[in-house]
Amino acid sequence: MIRLNDILSKVSSYNTSADLDIIRKAYVYCAKVHQGQTRLSGEPYLVHPMEVSAILADLKLDVPSVVTGLLHDTVEDTLTTLEELAEMFGEEVASLVNGVTKIGKIHFKTKEESQAENFRKMLLAMSDDIRVILIKLADRLHNMRTLQYQPEVKQRAIARETLDIYAPIAHRLGIQWVKSELEDLSFRYLDPQVYYDLASKVSMKKKEREAYIDEVKRVISEKLAEHGIRGEVSGRSKHLYSIYRKMVKRNVDIDQIYDLVAIRVMVEDIRACYELLGLVHSTWKPIPGRFKDYIAMPKGNMYQSLHTTVIGPTGERMEVQIRTEEMHRVAEAGIAAHWKYKEGKGYDEREVKRFAWLRQLLEWQQELQDSREFMDSVKVELFPEEVYVFTPKGDVKSFPKGATPIDFAYSIHSDVGHRCVGAKVDGKLVPLKHELKNGEIVEVITSPHHTPSKDWLKIVKSSRARNRIRAWIKTEERKRSISLGREICEKEFRRYSLNFAKMQKNGDIKRVAAEFGLHSEDDLMAAIGYGKLSCLQVVGKLVPHEKLDIPREKSESRVEKIINKLKGKPSSAIQIGGVEDVMVRFGKCCNPLPGDEIVGFITRGRGVTVHSSDCVVALGSDPERRIEVAWSRDKKAALPVKIRVACHDQKGILANISQAITNCEANITSAHIQSTVDRMGVNIFEVEVTDLDHLRKVMNSILKLPGVTNVERLRS
C-alpha cells in the first residue's frame with residue numbers, strides 16, 4: 001500500500017518548491033470523509049485516492065492535480081460539496097474535482113468504433129482543463145489494476161470501455177506507459193484465455209530473450225564507445241496487447257512474430273541520434289520500408305524518435321529506437337511532460353503559444369514558471385469547432401460549434417427535421433435557435449403538419465441540415481412555380497384560341513420544352529413560373545408569326561398585371577436573355593460594373609437583380625432562379641460604386657481628390673471622411689462611373705495625387 005510520505009517524496013523529487021502542506025491537508029480530509037467506506041477488495045476506500053494521487057505524482061503533475069487525486073471522489077461519494085472544497089483547497093482544486101466528477105457521470109456505450117471515437121472527442125472537449133483528463137486516466141488505471149474484485153459481467157464492460165475510450169485518449173495525449181498498461185489490463189479481462197496463453201508463450205522465451213537483449217546491448221555499447229557517443233542502451237519486450245494485435249493483423253502465430261523485442265538507445269542530442277542510426281545500419285542489415293523518422297516528422301501527440309527494424313544477431317527481426325533523453329521523457333509522459341518548474345525565471349506571456357489541437361503542442365518549447373502559467377496557455381478545448389451531445393438513448397452525435405436543435409433533428413432523419421417544432425435540452429424546453437453545448441441531452445419535438453422555414457437557414461450550422469432545408473424549399477418553390485406557370489399558360493393560350501390541355505395531350509408542349517433545351521413539361525412550366533421564360537415565347541413556338549399581333553382585350557388580365565408589375569425603368573446597361581422590358585436592380589452586396597462578369601437572379605415581383613459572378617450571395621442563390629445577363633454594348637448607364645481612399649491628413653487633399661474625380665467625368669454621390677490618431681485619413685466615396693475602365697481611370701487619377709497612399713474598390 002502506498003504511503004503519504006511516498007507521494008510527498010515523489011512530488012519533491014521534481015518540484016522542490018512544492019507546497020507539501022496542502023497535500024498533507026488533503027490527505028487528512030480525504031481520510032476523514034471516506035472513513036468507514038471500503039472497496040470490494042475489503043481495503044479501506046482511502047487506498048484508492050492514495051494510489052491515484054501516486055500515479056499523478058509519477059506523471060510529475062503539479063500540486064493541485066496531486067491534491068485532486070486525493071479528493072476526486074469526495075463530492076460524488078461523500079457529503080462534501082464543491083463550495084467546501086473551494087473554501088479549504090481553493091477554486092482551482094474545486095474546479096478540477098468538479099470536472100472529474102462530471103466525466104464520472106457519463107454513461108458510455110462502446111458497441112461501435114465510431115461511437116467510441118465520438119465519446120473520446122466529447123470527453124476531451126468537455127474538459128476546459130486538460131488536467132481533468134489526466135486525473136481521470138489515473139483514476140481509471142488504478143480501477144483497472146483492481147478489476148479482479150468486480151463481477152465478471154462488469155469486468156468485461158469496464159475493460160471494453162477502457163480499451164475503446166481511455167487507452168486511445170492516453171495514446172492521443174502521448175502517455176505511452178499508461179496506454180500500454182490500460183491495453184494489457186483490458187486484454188486480460190476481455191479475452192482471458194488468449195491473454196494467459198500468450199503470456200505463457202512469451203514467458204517461456206524469457207531467458208532466451210534476456211540473453212538476446214544483453215548481446216545487442218553489448219554490441220551497441222561498444223559502438224557508442226568506439227565513436228565517442230555518450231548513450232544509454234536498454235531493451236524491453238513489447239507489451240502483450242501490442243503482440244496480440246500484430247498476430248491478428250498478420251494472421252500468424254506468436255512463433256512468426258519476430259520483432260518481440262525493442263532496443264532503445266538514449267543519446268545526448270539529435271546529431272548523435274542520426275550518427276547512431278548509421279552505425280546500427282552498418283552493423284545489422286536494415287529491412288526496407290521499416291525506417292520511420294519521427295524526429296523530423298513528429299507524431300501528433302508530440303512523440304519523437306527514430307525507429308528502424310534490422311536483422312539482429314540471430315537472424316531475427318529487431319526494432320531499434322533512438323532518441324534523446326528529452327524525447328524519451330515526452331514519449332513516456334506526453335502532455336504531462338510539459339509541467340515544468342523553474343525557479344527565478346520571468347514569465348513572458350507573449351512567448352506562450354496557445355493551441356487548439358495537440359499537434360500544436362509540438363511548437364511548445366517555452367519554459368514556464370509553474371503549472372498555472374502552463375494551464376493558462378493551454379486552457380482551450382481540444383476540439384474547438386465541434387460540439388458533442390447525447391440522444392435520449394445515450395448515443396453521441398457531433399455537430400459544428402453553434403449548432404441548434406434543428407441540426408440535431410436533421411441528423412436523425414430528414415422527416416424529423418422537416419417536422420421539428422421544438423426541443424427539450426436536459427429535460428427543459430428551449431427555442432430552436434438554442435446553441436447546443438457539450439454533454440447536453442437533446443430530445444426533438446415534432447408535429448405532422450409542420451414544415452421548414454427559410455429562416456432556419458440563418459441558424460443551422462451542419463451541411464446536412466442546410467442541404468435538406470434548401471432541397472425542401474426548392475421542391476416547394478418548384479411545385480408553386482409549375483402551378484403558376486400552368487395557370488399563366490392556360491389563360492394566355494385562350495387568347496390565341498389554343499387548348500392547353502389538348503396540346504399537352506398531343507405532345508406539343510413537350511416538343512416546345514425540348515426546343516428550349518428542357519427535359520419535361522414540368523421544367524417548361526417551372527421556367528415560366530420562375531420568370532425565366534415568358535409565355536409569349538412558348539406561344540411563338542405554337543402559333544404562326546403573323547397571328548401573334550391579334551389585338552388584346554381592353555381589360556388588363558392577371559398575366560398582364562404580373563408582367564406589368566415586373567416592368568420598371570429598363571436598364572440600358574443590361575441585356576437579359578429571353579426576357580424583355582423587365583425591371584433590373586444591382587446587388588448592393590457587390591455593386592457590379594460593366595466589365596465585371598455578372599449573373600442575374602430572378603426575384604418574383606422585383607424583377608432581376610444583377611450580381612458579380614463571384615458574389616457570395618449569387619453563389620448561394622437557387623440555381624433555378626438564375627438567368628443569363630450581359631452588359632449592353634450599345635448603351636451605357638452611370639452606376640454607383642464605392643472606393644476607399646487612404647491618405648495623409650494634410651491641408652487641401654480632399655479638394656484635390658474631389659477635383660481628380662470630377663476631371664475624370666465621374667460624379668460624387670456621397671462621401672464619408674475620417675481622420676485617425678496617427679494623422680492619416682480614411683475616406684469612402686460613392687461615385688458614379690460607366691464601366692470598369694472608367695473606375696480604373698478615376699482610381700489611377702486619385703492615386704497619383706501627393707499624399708494619397710492607397711485607393712481600393714469596395715464591394716459593399
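**Figure 1. The largest pocket of the predicted model.** About 1,200 Å³ of space lies in this pocket, an open set of points on a 1 Å grid over the protein atoms alone, where a 1.4 Å probe fits, with protein on both sides within 12 Å along at least five of seven lines. The volume is the space filled by probe spheres set on the points, which are joined across faces, edges and corners. Of the 35 lining residues, Gln 176, Lys 179, Ser 242, Arg 245 and Lys 299 are the closest to the centre; lining residues have an atom within 4 Å of a point. Helix H14 gives the most to the lining, with 6 residues. Helices (H or I, at least four residues) and strands (E, at least two) are DSSP runs, numbered from the N terminus.

**Figure 2. Helix H23 (residues 521–530).** In H23, 8 of the 10 residues are buried, that is, under 20% relative accessible area (1.4 Å probe, protein chains only). Among them are Leu 524, Met 525 and Ile 528. Gly 531, with a positive phi near 100°, follows H23.

**Figure 3. Helix H27 (residues 653–663).** Ile 653, Ile 657, Ala 660 and Ile 661 are the buried residues of H27. They lie on the same side of H27 because they cover an arc of only 100° around the axis, taken from the directions from the helix axis to the C-beta atoms. The face turned away from this side carries Ala 655 and Asn 663, which are exposed (over 50% relative accessible area).

**Notes.** Residues are numbered from 1 along each chain as its sequence is written. In this predicted model, local features need pLDDT of at least 70, side-chain atom pairs count only at pLDDT 80 or more, and totals for chains, interfaces and linings use all residues, while side-chain values use heavy atoms, with hydrogens and water left out.
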